[in-house]
Amino acid sequence: MIDRIRLTYKQQRFETLAVMVACLGAAAWALLASWHLKSVGVPASCLVDGRVPVWNGPIDSSWVPAACQLPSQRFTDALNSWDVRMVSTLGDVLPFFVGIAMGTPLVARELEQGTAPLSWALAGARWKWLVGKILAALLLIVPLLLIAGLAADVLRGAQEPGIDPHASLDSFTSGGVFFVLWGVAALMGTLALGALFGRTMPVVIVALIVCLFARATWEPLMDANLLHGMAVLEMPGVYSPGELLVYQSDVLYLDGKVYTGTDCTVSNGVPGCQYAPGHEPDPSSIGPELAWYVITGDKYWQVVASEAAVMLAGSAALGAFALLWVGRRRPY
Amino acid sequence: MGSDAGVSTTTAALAAHGLSKRFKKKVALDAVDLAVPRGSVTALVGPNGAGKTTLIRVCMAFERPNSGRVEVDGVDPWKHRSDALKRVGYVPQTPAVYRGLSVEDQLALARSLHHGFDVAYARRRLEQLGIPLDQRADTLSGGQAAQLGLAVALGTRAKVLLLDEPLANLDPLARREFIQVLLDAVKSDGSTALLSSHIVTDVEDACDRLVILGGGKVRLDCPLEEARRGHRLTAADSPPAGATAVGSFLSKDGKDVMTLWRLAPDDTAGAEPGQESEAASLEDVVLGYLAAGRGTAGLQLN
């Protein structure tokens with residue numbers, strides 16, 4: 001098995017090297033960017049709800065104490081610097097790049113280059129052939145993505161100095177163990193596509209589209225389904241249309257609910273209630289009361305474990321499909 | 001015709017029973033019956049599209065037959081793929097070399113995939129041919145790459161070797177070397193080889209048995225010597241005594257229509273060339289059967 005793993009890396013040495021450089025490079029970059037932000041040295045007394053007040057224009061001196069204005073301005077500049085913005089963007093795509101880069105050659109390239117017939121003839125049981133390759137890929141990408149994910153957490157911590165990234169549900173799927181989970185899901189999805197198509201270019205194109213779609217829809221799907229059961233209805237506050245909700249950065253806000261007696265809901269703070277004719281609230285009176293379904297940061301690991309379980313189950317299903325299809329398909 | 005040459009399928013290293021395979025409407029194999037005796041080197045000859053590769057792919061469980069079955073060393077590869085493939089050494093049509101891996105790496109990969117792969121044996125064969133083990137496999141010449149493919153197949157120490165047109169892209173010297181290595185190995189290991197080719201001269205000196213495949217059907221299946229001695233060739237339509245016409249085709253110079261005749265079994269042992277007929281070469285035999293398989297009298301001159 002050690003030979004199989006070594007030779008898998010050697011067969012796809014370019015992808016292996018690219019993945020290593022990308023992960024370790026991104027991790028180093030994230031740590032440098034964190035150091036850049038921390039070196040601004042914003043005093044803890046200047047933090048608002050764990051965050052440095054960020055102003056993308058002239059600082060409103062009525063909101064920010066004079067002693068905090070300069071550090072806040074410098075922090076804002078650092079946050080908007082290209083290296084911090086770039087590495088944050090890089091972090092969003094890295095797991096998908098890693099999964100697709102390692103997953104494409106494993107099956108699709110073997111089929112495309114005509115080496116699969118010999119390998120399958122030698123292996124006898126095709127699942128053994130594929131499991132060896134999957135194992136080699138996982139052994140490489142899991143530690144590398146974990147390093148990159150932890151570095152991304154350090155960066156998140158630097159971006160929000162008063163927040164513990166492992167107890168905050170703000171953008172929690174963009175770092176930590178989710179780097180690994182996204183990468184493994186992308187790998188398995190790419191393997192499944194490779195088994196299906198048997199050609200590298202279609203696999204890369206479709207995998208990119210699917211990953212983009214999955215990333216964009218994951219959080220709304222999870223919020224609406226998996227996480228709603230864990231959420232609690234936050235104490236309703238007085239709400240009037242146009243009022244901004246004061247967000248807490250460690251809390252995951254799912255959706256809101258307006259109490260008017262007709263039990264209507266709102267989305268993103270905008271009420272979508274339909275009142276029965278003659279029962280519209282008096283605009284001059286206190287408006288409907290708004291409550292939010294929220295999950296607080298103390299449930300971080302529970303939320304992470306739940307979403308991780310779903311993602312791993314999906315990855316396992318994709319891997320199983322790849323195994324099944326490799327067993328059924330022609331090797332050319 | 002099928003396995004009519006006295007080989008019991010129970011003792012055959014490779015057997016096909018009523019094997020049919022279609023690709024949409026195209027029939028690749030049509031009720032093929034075949035029995036390759038143990039220890040033989042059998043040439044599977046036919047034109048492009050005759051079904052040679054499909055037959056081998058069915059034996060490798062790469063293709064599922066529409067009807068009938070094959071047995072490799074007594075095992076149905078579609079029902080017991082892993083078990084069947086343990087018994088097969090396979091040389092694909094184009095040498096399957098991993099780019100970037102050295103020759104030694106290819107052997108190591110084969111060892112990691114195939115339980116019992118004899119690296120030392122394969123390595124020794126390559127060293128005897130002067131193929132450097134540290135050379136990248138994708139920089140090998142066509143002949144060397146083919147030898148590497150053969151060494152990998154032989155390293156499995158399989159009882160049955162299936163070689164899918166391995167000679168097609170080799171120069172004459174490389175072909176001869178390849179066949180020599182194959183024959184040595186078959187002789188020393190006691191294995192059975194099925195060597196497909198569409199070039200008769202490639203396999204003429206290597207094989208002891210001939211299977212002609214045309215249009216998905218077995219046109220002839222007999223020992224090579226019987227194929228040579230049991231057929232006569234005439235330029236006219238006057239048959240040798242007791243012979244039956246097989247097929248007609250153009251002579252090499254394109255001036256005559258030659259007819260291949262199959263001698264009655266009794267005449268094959270002692271048949272002497274008559275005045276009007278001549279001994280058929282193996283190529284003539286193949287051409288005659290392939291012409292017959294086209295469903296016409298072969299190529300005719302106007």
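Let me start with a convention: a crossing of two helices is called left-handed if the near helix is turned anticlockwise from the far one by less than a right angle, and right-handed if clockwise. Hold on to that for a minute.

Some housekeeping, friends. What we have is a predicted model, where local features need pLDDT of at least 70, side-chain atom pairs count only at pLDDT 80 or more, and totals for chains, interfaces and linings use all residues. Residues are numbered from 1 along each chain as its sequence is written, while chains are lettered from A and ligands numbered from 1 in the order in which they are written.

Now, chain A. Helices (H or I, at least four residues) and strands (E, at least two) are DSSP runs, numbered from the N terminus. Helix H7 (residues 177-197) and helix H9 (residues 300-328) of chain A have axes that come within 8 Å and cross at roughly 20°. Axes here are lines fitted to C-alpha atoms, for helices over the stretch in contact, and angles run from 0 to 180 degrees between N-to-C directions. That angle makes H7(A) roughly parallel to H9(A); the label covers angles under 35 degrees, with over 145 roughly antiparallel, 65 to 115 roughly perpendicular and the rest oblique. And the handedness? The crossing of H7(A) and H9(A) is left-handed.

On to chain B and its sheet. Six strands make an open sheet, in the order E5-E6-E7-E3-E8-E9 of chain B, with mixed pairing; two strands pair if DSSP finds at least two bridges between them. E5 and E9 of chain B are the edge strands with a single partner each, so one side of each has no neighbour in the sheet. From one strand to the next, the twist averages 15°. At one pairing, E5(B) runs parallel to strand E6 (residues 160-164) of chain B over four bridges, and B:Tyr90 sits opposite B:Leu162 in E6(B).

How do the two chains meet? Counting residues as in contact if their C-beta atoms, placed from the backbone, lie within 7 Å, 23 residues of chain B touch 19 residues of chain A. On the chain B side, helix H2 (81-85), strand E5 (88-91) and helix H3 (103-113) each supply at least two residues. Which element gives the largest share? That is H3(B), with seven residues.

Terms used: Two residues are in contact if their C-beta atoms, placed from the backbone, lie within 7 Å.
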